[in-house]
Amino acid sequence: MKFELKSKFKPTGDQPKAIKQLVQNLKSGVKDQVLLGVTGSGKTFTMAKVIEKMQKPTLIISPNKTLAAQLYQEFKEFFPNNAVHYFVSYYDYYQPEAYIPQSDTYIEKDSKVNEEIDRLRHAAVQDVLSRKDVIVVASVSCIYNIGSPENYQNVSLDLKAGQKLKRKDFIYHLTTLQYKRNDIDFKPGTFRVRGELIEIYLVTGEQLLRIEFLGDKIEKISTASPKFNSKFEIQNSKFILFPATFWVAPQDKLNIAIENIKLELQDRLKELKKQNKLLEAERLEQRTNYDLEMLGEVGFCHGIENYSRQLEFRKPGDAPFSLVDYFNYFHPVKSAGKAGGVSPKAKQFDRVNPDGSLIFIDESHISVSQIRAMSVQDKVRKETLIDFGFRLPSAVDNRPLNFAEFEKRQKQTIYVSATPANFEKQKAGKYIAEQLIRPTGLLEPQIEIKKTENQIKDLIEEVKKQVAKKERTLVVTLTKRLAEEISDYLVERGIKTQYLHSEIKTMERPQILKNLREGKYDVLVGINLLREGIDLPEVSLIAILDADKEGFLRNETTLIQTMGRAARHLNGRAILYADKTTSSMQSAINEINRRRKIQEDYNKKNKITPKTIITDIRDWGFSKKEDIDYEFWMVHDKKLLEKEMKIAAKNLDFERAAEIRDLIKKLGK
């Protein structure tokens, strides 16, 4: 469980000095530092070296899912033998529950959960709870409430061969862990029963677990990979089965929580009736009683997170539990055994993460401001729901951490940015490590300002020159609609173009970037996602439309970050379409020129000839459909499936029989 960095690179340029400085300060107990590194200077490699030298579990917070995905891929390559995970919001689409009093409009929560990302979130949390050599690359959504780490650990099942456990009791335990029985569509988070044999598809999607019973005890525990035709192998040691959802509570605590919710409901109803809010009182009573009935029957309900304060026995106003708390949660772990995992009953144990953990906040100039804003926006929406009887007052504590709570949970933090804000600089004080030299000798891009008149026509001419040289272009606009329209316009003129913005699904974004690098697209049009940290060495031109529209998307920091996307190419240049030179433009140009001069002097002194950065074009690092064949695990053989179809037909369950028939046909193809 040691971090071991694998790389063909060695620290060069400013990297050795920065690594030494950061590590020395961490070992001496410095809490806050800044790594100021220009684009292309190898900040990610520096972070990896620091992790290897410190040997601490590490949380890396990124401002968006796209950049988090890129960092995840890079750290997977740096640490192939360690636990590297990806933790972002698991919604492909999310419309939060809300109420608009002016028009009496209630908007029910509507979302589409990405099951692949949910699987990855569970894999991340389980390794944080059971390993020391863990790195989690997360978006800023990691400060949202995900339930108590103590509950998540304590409800887990500790299984071993020879253990006395009735089959029916085990099935009951599986359902309390929110695993769903599904004998046909076998996928992560489900289990199926075959007589005395029960198979569980772990919610992480990484393993299949088979439990074989003999009478009232477990005879065998075996596991297999979800890959096609993998065989089950017997496990002699314990196996820890974690929940299939974060919102779980031990049964004894659940019953107490339900009673506490009932008491809160009665108090709130009295308050509403006293205010003559009879409609609101009736609405709240109906909704809450329905949820209580579901909690009592199945231990879960739609919107269970709104009762998290009661389920976790937190006091009003207490901070929720987030991923940061899982890193800070010290707990007993099993001392030995292949399966690994948490064992609350273990007599001999070590303590996971006794020396704390590290936090890197990447692109801190934007990530920090995002963390600051999240709890404020959430509170306003929740208070409206509470005032009009849609939720109990305790629902307000289902929220992200506020900034003060987040700061309290930070142990040792390194803020990473090419343009750190005043907040990070003040936090770090004198502890700022600079990394202004690129080992490749590459200079900051050359900058040209052009008038906005006929800017699209001029852009097309510039792009055609790029295509002729087999070099790529990024076009940066102010709105999503404009990005889509320009993309369509370029496509109509025979230019291979794609747009990229926040409405593109999480799992599709890295593939779009990969397609650009491979030449399937020559141009990418976007807004924010083409700014901080994106590694696209084939891009040699950045075209910024309406560069003189002073504001958040065109301030000094944003302009420096955006132009920096061309700093990985020998021919890197940036065109700013503007009718005037704003103060932000001038400041950005001055800073780019200052950094360019530093690199030129270094190159001259060390006789370095600049070279374009060459990096491998990575496959999207998550499971591929062809690698995990869920359908293979739906049956052991065709005969068994046909037998189940006949039984269903005999029992007049024709709908189930038809499903199995269609599945047999599908598998046959």
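This is a predicted model: local features need pLDDT of at least 70, side-chain atom pairs count only at pLDDT 80 or more; totals for chains, interfaces and linings use all residues.

Colleague: How many helices and strands does the protein have?

Modeller: The secondary structure comes to 20 helices and 27 strands.

Colleague: What percentage of the residues is buried?

Modeller: Of the 669 residues in the protein, 56% are buried. Take the contacts with a separation of 6 or more: 75% of them join residues 24 or more positions apart.

Colleague: How many residues of α4 are buried?

Modeller: 15 of its 16 residues are buried, so α4 is mostly covered.

Colleague: Next, pairs of helices. What describes two packed helices?

Modeller: Two values: the angle between their axes and the distance between the axes. Take helix α2 (residues 43-54) and helix α3 (residues 65-78). They pack at about 50°, with axes 11 Å apart. That angle makes α2 oblique to α3. The crossing of this pair is right-handed.

Colleague: Which residues make the contact between α2 and α3?

Modeller: From α2, they are T44, F45, M47, A48 and I51. From α3, they are L71, E74, F75 and F78. Sorted by type, the contact of α2 with α3 has seven nonpolar residues, one polar and one charged.

Colleague: At what angle do helix α17 and helix α18 cross?

Modeller: Roughly 45°. Helix α17 is residues 556-563, helix α18 is residues 583-606, and their axes come within 8 Å. That makes α17 oblique to α18. Here α17 passes α18 in a right-handed crossing. On the α17 side, E556, L559, I560 and M563 take part. They meet S584, M585, S587, A588, E591, I592 and R595 of α18. The contact of α17 with α18 divides into six nonpolar, two polar and three charged residues.

Colleague: Why are α7 and α8 called roughly antiparallel?

Modeller: Because an angle over 145 degrees counts as roughly antiparallel. Helix α7 (residues 251-274) and helix α8 (residues 278-298) pack at about 175°, with their axes 9 Å apart. Therefore α7 and α8 are roughly antiparallel to each other. Residues of α7 that meet α8 include L254, I258 and L265. Those of α8 that meet α7 include L284, T288 and L292. By type, the contact of α7 with α8 has eleven nonpolar, three polar and five charged residues.

Colleague: Finally, single residues. Is K65 buried or exposed?

Modeller: The cut-off for buried is under 20% relative accessible area. K65 has 16%, so K65 is buried. This lysine is found in helix α3. Setting aside residues up to four places away in sequence, K65 touches Y86, V88, S89, Y91, T506 and R509.

Colleague: And P316, buried or exposed?

Modeller: Exposed, with a relative accessible area of 64%. P316 is found in the loop between α9 (308-311) and α10 (323-328). Leaving aside neighbours within four places in sequence, P316 is in contact with R309 and D397.

Colleague: How far apart are the C-alpha atoms of P316 and S394?

Modeller: They are separated by 7.0 Å, while the two residues are 78 residues apart along the chain.

Conventions
Residues are numbered from 1 along each chain as its sequence is written. Side-chain values use heavy atoms; hydrogens and water are left out. Buried means under 20% relative accessible area, exposed over 50%, partly exposed in between (1.4 Å probe, protein chains only). Helices (H or I, at least four residues) and strands (E, at least two) are DSSP runs, numbered from the N terminus. Axes are lines fitted to C-alpha atoms, for helices over the stretch in contact, and angles run from 0 to 180 degrees between N-to-C directions. Angles under 35 degrees count as roughly parallel, over 145 as roughly antiparallel, 65 to 115 as roughly perpendicular and the rest as oblique. A crossing is left-handed if the near helix is turned anticlockwise from the far one by less than a right angle, and right-handed if clockwise. Contact means heavy atoms within 4.5 Å. Ala, Val, Leu, Ile, Met, Phe, Trp, Tyr, Cys and Pro count as nonpolar, Asp, Glu, Lys and Arg as charged, and the others, Gly among them, as polar.
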